[in-house]
Amino acid sequence: MVFDIGLALLIVAVAVWTIAARDTFAAVIGFVAFGLLLALAWVRLAAPDVALTEAALGSGVTGVVLLGASTRLRHAEISAADKKPGAMLRAAAAVLCTVVSAGLAAIVLVLPHPAPTLAPQAAANMAATGLGNPVTAVLMAYRAIDTLLETVVLLLALLGLWSLTPDPFWGGLPGRRHHDDPDGVLTFAAQLLVPVGILVGIHIFWVGSVAPGGEFQGATILAAMWILAAMAGLVDAPPVSRRWLRLILVAGPAVFFTIGLAGFAMADGFLAYPESHAKLLIVMIEVPVTLSIAATLALLVAGPPERMPQQ
Amino acid sequence: MSLALDLLTILAVSAGVFFFLAGTVGLLRFPDALSRLHALTKADNLGLGLVVLGLVFQEERLFAALKLITVWLLTLLAGATVTRLIARNARPAGPRG
Amino acid sequence: MPHSTTAGGFLLVLAIVLPVAGMLLSLVLGGRHAQRVALILMPAELAVVLAIAFGVWRTHNLLQYFVGNWNPPLGVAFRADGLSAAMLVTAALLVCGIGLFARDQFSSPEQAETRAPLVFWTLLLAVWGALNAVFIGGDLFNLYVALELLTFAAVPLVSLDGRAETIAAALRYLLFALFGSILYLLAAVLFYGAYGTLDIILLSARIQPEPVAWAAISLMTAGLLAKAALYPFHLWLPPAHAGAPAPASAILSGLVVKAPFFLVIRLWFDIMPRMPEPAAAQVLGILGAAAILVGSVVALQQARLKLLIAYSTVAQIGYLFLMLPLAVKAETGHPWSTVAWTGGVLQAISHAFAKAAMFMAAGLIAEALGHDRIAGLAGIGRALPITVFAFALGGISLMGLPPSGGFIAKAMLLTAAVAEGQWWWAVIVLTGGLLAGGYVFLVLARALADPIEPLRLLTTVSPSRQAVVVALALCAVLLGFVPLRPSELLQIGRPAITTGLR
Amino acid sequence: MSDATVYGLCSAVLVGLGLFGLIVHPELLRKILAFNLIGGGVFLLFGVVARRGAAAGFGGDPVPQALVITGLVVAFAATALAVALLRRLFQETGRTTLRSDG
C-alpha cells in the first residue's frame, strides 16, 4: 500500500516536471520516464499485458517519435505573439484544472462498491476460445471487431502520414538515411541486440495466447528492433510504392477480414470461430496482424518519404 | 543454508543500491552531459548487476535465475546503445566520432 | 426489442466490411486501380444499404447483429434503427454523388501512381466505412474506434493539396478531434466503472440519475460537441472545410460533422430516456442558437466563397442542436417532441445534400475562374448556369423556403417550439433563416450581375459533373415533399417512452 | 482506501495536469505531449476500474484491460499523425505554433 502511494506520487512528480520543464527535449525525456513509471503502476494493478504495451508503445515508440520531432524542431523561432500566455490565463487554467481533477477524484471515490465486472462471463466463455490469456480472449474473440477496426485505424494513420509527402518525393524512401561508423559501439550493439530482440518479440507474441503478451506487444518490439537497425544504418526503409511492402501492411487486416467472413460458413457468424479449432484460427490471424502492425509502427516512426531511391 | 543466502542477498542488494546512489550523485554533480553519461552507465550497470545477483540467491528455479541474468545483460546492451545515441546527439562533431 | 441476431443482421456487417475491404484493396493495387475499386464498390454498397433500410422498414423493428455471436455486455452489437437507416442511405447517396463528381478531378495518370488520387479514393472509402460504423454501432467503445477511424480518414483529406494553411487547418482539426476523443473516453470509463457495460441498450436499462451518470453524460456530450464543431468549439471548422478540395469538403461538411451529432442523439435519446429531463438541454439549445447567429453573421462578412459556405455549416449545425431542448421530453412523451425529433433529423439530412451541392458548385466555380473571391463572381451566372442554379437550390434548402427539406425541418422545429411554449427557439429559427437568406442572396446577386469586362473561363467544366451537383441539390429539394408529421421510419427503434403518439 | 483508489486519484491528477499543460503551452509539440499525459491518466482510470472488478480468479477485469491496449495503439497512431503534421508545418512555415491559437 505504501509502495503504491509512493509510486503514485512519483508519477505525479514526473508528470509535473514534464509540464513545467522549459526545454521541450527535457520534457520529452520526462515523458519517457513517466511512461515507464506508468508501466510499473500497471504491474501493480495486476495488468501485465497492459504494462508491456505501455512500456513498449506508450513510452518507448511514442518517446522515439517525440524525441525525433523535438530534435528537429529545436531551433524553431517562437514569434513574440505566441509567447507563453499571461499570468491571468495561467491562473485561470490552473483553477479550471484543479476543479476538473477534484471532480474526477470525487467521482472515482464514489464508484459503486460491489464494482460491476465482466470477469466471470469472460472466464466462463474462455473454453470456447481455446485461449489461456483472458485479455487476448477479449481482444481476439469477444471484441474482435474493435481489434480489427483498430488495425485499420493504424493503417489509416500511416496513409495520412504518407499523404503529407511533397509530390516529387511520392514513392520515395521514408525518413532519413542514418549513417554510423561501421566499427562503432552503436553498430556493434545493434548487430547484437537486434537478433535477440526479434527472438524476444516473437516469444512475447507467441506466449500471448496463454500468458501476458500478445500481438501488439510483440509487434512493437519487432518494430523497435527495425528502428534500432535503421538508426545504426544497418538497414534502409523500402520505397513506399513497393507492392510487397503494401501487401505486408494490408496482410493483417485482410486476413482478419477473410477469417472473420469465413465465420459465416464455419461458425455461426462474422468473427465467430468454430470451437474445435478456435485457437488455430486465432493464431492464423495473429501472425499476419503482428507483421502488419510491426511494419506500420516502424514506418510511422520513419516518417513520410523524403528521398528518392537512387536507381 | 537459507540464512546464508538471505545474508548474501542483503549484502548484494545494499551494495547495488549504493552504486545506484553513486550514479545519481554523479548525474547531479558532474558538469557536462558526457561525464554524466559516463557516471550513470558505469555506476548503474554495476548496481543493477549486484541487485540481480542478490535476487538470484533467492530464486529456486534455475530457469528464472537465468531469465534474471539475461534481463541484466539486455539492460547492459540497451544502456550502451542509448548512451551512444545521446552522446552522438550531445556532441555530434566529437574528436573521432 | 429483439434479444438476438435478427434476420437481415449480416447486412450490417457487410455495410462496414465492404468499404474497408475496398480501402485495403485500393491501397494495395494503388495507381489507377484505386479509383476503379472505389467506383465499382459504390453501387454494391448502395445496394447493401438500401437492403438494410428496406429490412428495417419491412420488419418495423431494428436490425441487430451480435458480432462473433457473443451477447452483450461481453460482445459487441450492431444495431440499425430507423434513424440509422435514414443516415446510412443519405451517406450512400452522397458518397456515390461525390464519387461521380470527383472522377476526373482525381483521375490518376496511366503510368506512375501519384499521391493525391490514391489518397483521395482510399480515404473516401475509409470515411464511408467509418460513417457506417458510427451509424450502426451499438457499443460505446466500438463507437469510439469508429470515431477515431473517421478522424484519421478525414484529417488527411483537409491537407490533401499540401499548402501551409491547409496543414495548419488539418493540425488544428486533429487537436480538437483528439480533445473530443479523450473526453469521450473518460465518459466511457465512468459508464463502465458505474454500470459494468458499454452497450447502449443495456446501459439505458441500468443508468440511474446519480452524480457518476451526470458526470459521464456531460463529459461525453462535451467531447462530442468538440468533434461536431458546435459554437464554442467551431474555430477549427471553417479553415479546414474551406481548405480541403471541393469533393472532400463536401463530405466533410455534409456527413463527417454529422457523425458526432448522431452520437449525441444516441446518448440523449437512447441512453437517457428514463433520466429526468436535464436543464443542460436548454444550455445546448443556447449554444445552438449562438452558433446560428455567430455563424451566419460571420458568413455574411466573408470574401471567399468556400469560407462563406464553411461558416454556413457552423450555423446550420446550430439548428441541429436546437432540436435537443424541444425533443428531449423524457417522461411525459410529449406529442410535439416527436415532431421536433423528426424536424432535427430532417435538418441533418437535407443540410447534408444541400451543403454538399453548394461546396461542389463552389469547387466548379473556383476551377472555372481560377479563384473563389465573391467579388470576382460577376458573370459566372451566364457562364455556368447549371452550377449557379444548383448553388441556388442548395441555398433555398438552407434558408428553409417552401419546396425544400430545409423548409420541412424548420417548420417542424417551429411548430414544436411554439406548441411546447418555448417560443424563443422559434425566433432563433426565423432569424437564422433570414440571415441564411442574406448570405445566399449576397452570392447570387454577385454571380448574376453582368461583368464589367467579358469573363474568360480557364477551363470548360464538363456538364456531367454539373449534372451530379444539380442531382444532389434536387435531393435536398425533394425532401421538401415529405409529409409534415413525425415520419414512420424515424420512429422505428425509438424507446417506447418518447414516442408519445403510440 | 484500496490500492486501486490511490491510482484512481493519481489518474484524476494526471488528467488535470495534462489539461493545464494543454492550455498553457503554445508550442504544438508540448500540446501533443500534454495529450499523451491526459491519455495516460484516462487509461490508468481504465486500469483502476479493471482492478476493482477483479473476480473469477483474474487479477483484474480483462475487458477494460483489453480496451486500454486498443486505446493505447489508437493514441499512438494519433500522436504519430499529429507529429508528422507538425513537422510538415515546420518545414513549410518554420513555426511550431498555430497563429490564432484555438
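Predicted model: local features only at pLDDT ≥ 70, side-chain atom pairs only at ≥ 80, totals over all residues.
## Interface of chains A and D

Chain A puts 80 residues into the contact with chain D, and chain D puts in 69 residues. On chain A, the elements giving two or more residues to this side are helix 1 (2–20), helix 2 (24–44), helix 3 (48–72), helix 4 (87–109), helix 5 (119–124), helix 7 (134–142) and helix 8. Helix 3 of chain A gives the most, with 13 residues.

By class, the side of chain A that touches chain D is made up of 55 nonpolar, 13 polar and 12 charged residues. These are residue counts; the size of an interface is often given instead as the accessible area lost when the parts come together.

## Interface of chains A and C

Chain C also touches chain A, with 46 residues of chain C in contact with 46 residues of chain A. Five helices of chain C each supply at least two residues of its side: helix 1 (9–29), helix 4 (115–136), helix 5 (140–158), helix 6 (164–195) and helix 8 (211–228). The largest share, 10 residues, comes from helix 5 of chain C.

The side of chain C that touches chain A has 31 nonpolar and 12 polar residues, and three that are charged.

## Chain A overall

Chain A contains 12 helices and two strands. Read from the N terminus, its elements follow the order α-α-α-α-α-α-α-α-β-α-α-α-α-β. The C-alpha trace of chain A spans about 65 × 65 × 35 Å along its principal axes.

Of the 311 residues in chain A, 50% are buried. Counting contacts in chain A between residues at least 6 apart in sequence, 73% join residues at least 24 apart.

## Helix 8 against helix 12 in chain A

Two packed helices are described by the angle between their axes and the distance between the axes. For helix 8 (residues 144–162) and helix 12 (residues 278–302) of chain A, the angle is about 30 degrees and the axes are 10 Å apart. Angles under 35 degrees count as roughly parallel, so helix 8 of chain A is roughly parallel to helix 12 of chain A. The crossing of helix 8 and helix 12 of chain A is left-handed.

Helix 8 of chain A makes the contact through A:Thr151, A:Leu154, A:Leu155, A:Ala157, A:Leu158 and A:Leu161. From helix 12 of chain A come A:Val289, A:Ser292, A:Ile293, A:Thr296, A:Leu299 and A:Leu300. By class, the contact of these two helices has nine nonpolar and three polar residues, with no charged residues. Helix 8 of chain A is also one of the elements that give two or more residues to the side facing chain D.

## Strand pair in chain C

Strand 1 (residues 63–66) and strand 2 of chain C run antiparallel and are joined by four bridges.

Strand 2 (residues 77–80) of chain C is covered on both faces. C:Ala77 and C:Arg79 are buried on one side, and C:Phe78 and C:Ala80 are buried on the other.

Terms used: Residues numbered from 1 in each chain as written. Chains lettered and ligands numbered in written order. Contact = placed C-beta atoms within 7 Å. Nonpolar A, V, L, I, M, F, W, Y, C, P; charged D, E, K, R; others polar. Axes fitted to C-alpha atoms, helices over the stretch in contact; angles between N-to-C directions. Parallel < 35°, antiparallel > 145°, perpendicular 65-115°, else oblique. Left-handed = near helix turned anticlockwise from the far one by under 90°. Buried ≥ 20, exposed ≤ 12 C-beta atoms within 10 Å, placed from the backbone. Pairing = 2+ DSSP bridges.
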